[in-house]
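I shall take the ligand site first, then the chain as a whole, and finally a few individual residues.

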Amino acid sequence: MEEWVEKYRPKSLNDVAGHNKTKQALIEWIESIIGGQNQKPILLAGPPGSGKTTLAYAIANDYAFDVIELNASDKRNKDVISQVVGTAATSKSLTGRRTLIVLDEVDGLSGNDDRGGVAEIIKVLKTAENPVILTANDVYKPALMTLRNSVNLINVGSVHTNSIPPVLRRIALKEGFEIDEKIIKMIASHSGGDLRAAINDLQSLATGGSIEIEDAKELPDRDSEKSIFDAMRIIMKTTHYDIATSATRDVKEDIGTIEEWISENLPKEYLKYKDLAEGYDYLSKSDVFLGRVYRRQYFGLWRYASALMTAGTALAKEEKYRGFTRYGPPAIFTKLSRTKGSRQKMKDILKKIALKTHTSTKRARNTVDYLTVIFESNAEVSAELVEYYELTKDEIEFLTNKTITKKILSVIAGKKPKVKKETPKKTEKPKEVMPIIPKRPRISEPPKEPLKEVIEETLEKSVEKADTKEEKKKDPKKQATLDSFF
Ligand SMILES: Nc1ncnc2c1ncn2[C@@H]1O[C@H](COP(=O)(O)OP(=O)(O)OP(=O)(O)O)[C@@H](O)[C@H]1O
């Protein structure tokens, strides 16, 4: 399916929503270049999806320039850059038109990479005679400090919320579907000035069938925090290390949840088996690190887990997949919420068994396995077990089925003594029942002799004992010392 953001990318500056000052600055810049003046390259800096690349293409189109784009997915090494920016600079393209060079996502470059890093780009830009437009999200990265001096920096803000609805309305009209104005407004306000996100949201709602207001309410809010949907899109689409690792920076979900999201969405994006296998390989490695972090509290390993998860999976693909992908939340979460009731029931059963058998609930799982087999084969034993473990009807049914449960319960009912309905006759004397008094244990038997005598006798005995001990001590012959051994 074609991505609407590409399909409806404005061809002319007139179609670019908002950014009036930027458009004016670009027009003046290109006209002065056409007029033969030397101009520094332009660096368009602004949030994702605000239209930086679109602006570059639109101006090229309006002034009949061909575009050579080097985006982050291309191998922007020194040779490629100097070949494109350097040698092509003075010549016209095959069509005889001039060329505009677009270097996308320069904030993805690392400062000291000598094969296509910032230093190399600056060197090449100085020799470039063709106009160059660079784009970046985060121009204040330290790596771009020196680059900022070699360019004309234009800050492109996010698209104003009021400029978004007309774009969405136009797309809906061209796609031939009707959409409630309230939903349009909702998409616009959710987008937080990211027009690409707004168009993607519109497309994902439209491809889901009818566009309902309830669905629109579910849209991720991009205003407050970066949404997990954006993070997915960035990780799945980019082939650049820095961009991938920073994708999850402002996402509110924890790292474990992000891992589940990547795991869920990877096969939706990576259609080549090799890419997919490699992607999962990185994800599993990240999981190993994450396990260590949790188990051993080695928080230093955290960043390796995060890098393997984001950049590892992003770089696993050979090349970018174009086209629209509808990312979604991990199925495991919906499954868990669906099965919450039954998991709770199992927990209750395990707790009961664990309590009676003095084991952990983990061990009690084995008992459950045996129980289900016994329930199916022997109703009498089952009845005893059910009574012993104090299982309820629901719980028995949960472990087996309705018929077996009925059988077991009828055995239990049959065992219970029947309550006599007739009341005993008043004249009849109740039979005397001899109570069975258990024999007391010996220890607690009272001494047969009177207490006083017993005490006196014991005292006498102990005095005698002490005397003989004293005598023994006094008898030197009987005293064994070390000397006596020599
Ligand atoms: N101001 C705009 N007017 C009309 N369409 C826009 C505008 N901004 C963005 N879009 C739409 O969003 C898509 C993405 O925009 P673009 O690639 O220009 O964003 P960007 O600012 O370069 O983003 P990134 O920083 O992620 O590269 C475009 O293809 C276009 O469909």
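**The ligand and its surroundings**

The ligand is surrounded by 20 residues, and the closest of them are V5, A17, K52, T53 and T54. Please keep in mind throughout that this is a predicted model.

What is the make-up of the shell around the ligand? Ten of its residues are nonpolar, seven are polar and three are charged. Two helices, α3 (52–62) and α9 (195–207), each supply at least two residues of that shell.

The side chain of T54 places a polar atom 2.5 Å from an oxygen atom of the ligand. For T53, an N or O atom of the side chain is 2.6 Å from a ligand oxygen. N137 also takes part, with a side-chain N or O atom 2.9 Å from an oxygen atom of the ligand. How much of the ligand does the protein bury? On its own the ligand exposes 630 Å², and the protein buries 95% of that.

**The chain as a whole**

I now move to the overall picture. The protein chain comprises 22 helices and five strands. It has 486 residues, of which 40% count as buried. The chain exposes about 30,700 Å², and carbon and sulfur atoms supply 54% of that area. As for contacts with a separation of 6 or more, 75% are between residues 24 or more positions apart.

**The nonpolar cores**

Which residues have the most contacts inside the largest nonpolar core? They are M232, M236, I258, I262, Y270 and M309, in a core of 26 residues. The elements giving two or more residues to this core are α11 (228–237), α12 (241–246), α13 (255–269), α14 (273–296) and α15 (302–315). Of these, α11 gives the most, with six residues.

Setting aside its neighbours within four places in sequence, I258 is in contact with I228, M232, T248, V251, E253 and M309. Two of these partners, M232 and M309, are also listed among the residues with the most contacts inside the core.

There is also a second, separate core, which has 24 residues, including I179, I183, I184 and M186.

The loop between α6 (145–149) and β5 (152–155) holds S150. Is S150 buried or exposed? Its relative accessible area is 17%, so S150 counts as buried, the cut-off being under 20%. Apart from residues up to four places away in sequence, S150 touches K40, P41 and I122.

The other two positions concern the backbone. Most residues other than glycine have a negative phi. H358 is not a glycine, yet it has a positive phi of about 55 degrees. H358 is located in the loop between α17 (340–357) and α18 (361–377). Why does H358 count as exposed? It does so because its relative accessibility is 72%, and the cut-off for exposed is over 50%.

E390 likewise has a positive phi, of about 60 degrees, although it is not a glycine. Its place is the loop between α19 (379–389) and α20 (393–399).

Thank you for your attention; I would be glad to take comments.

Notes: Residues numbered from 1 in each chain as written. Predicted model: local features only at pLDDT ≥ 70, side-chain atom pairs only at ≥ 80, totals over all residues. Heavy atoms only, no water. Near = heavy atom within 4 Å. Polar contact = N/O pair within 3.5 Å; in protein donor to acceptor, adjacent residues only side chain to side chain. Areas by Shrake-Rupley, 256 points an atom, 1.4 Å probe, with all protein chains shown as cover. Helix = DSSP H or I, 4+ residues; strand = E, 2+ residues; numbered from the N terminus. Nonpolar A, V, L, I, M, F, W, Y, C, P; charged D, E, K, R; others polar. Buried < 20%, exposed > 50% of the residue type's maximum accessible area, 1.4 Å probe, protein only. Contact = heavy atoms within 4.5 Å. Core = buried A, V, L, I, M, F, W, Y, C linked by side-chain atoms within 4.5 Å.
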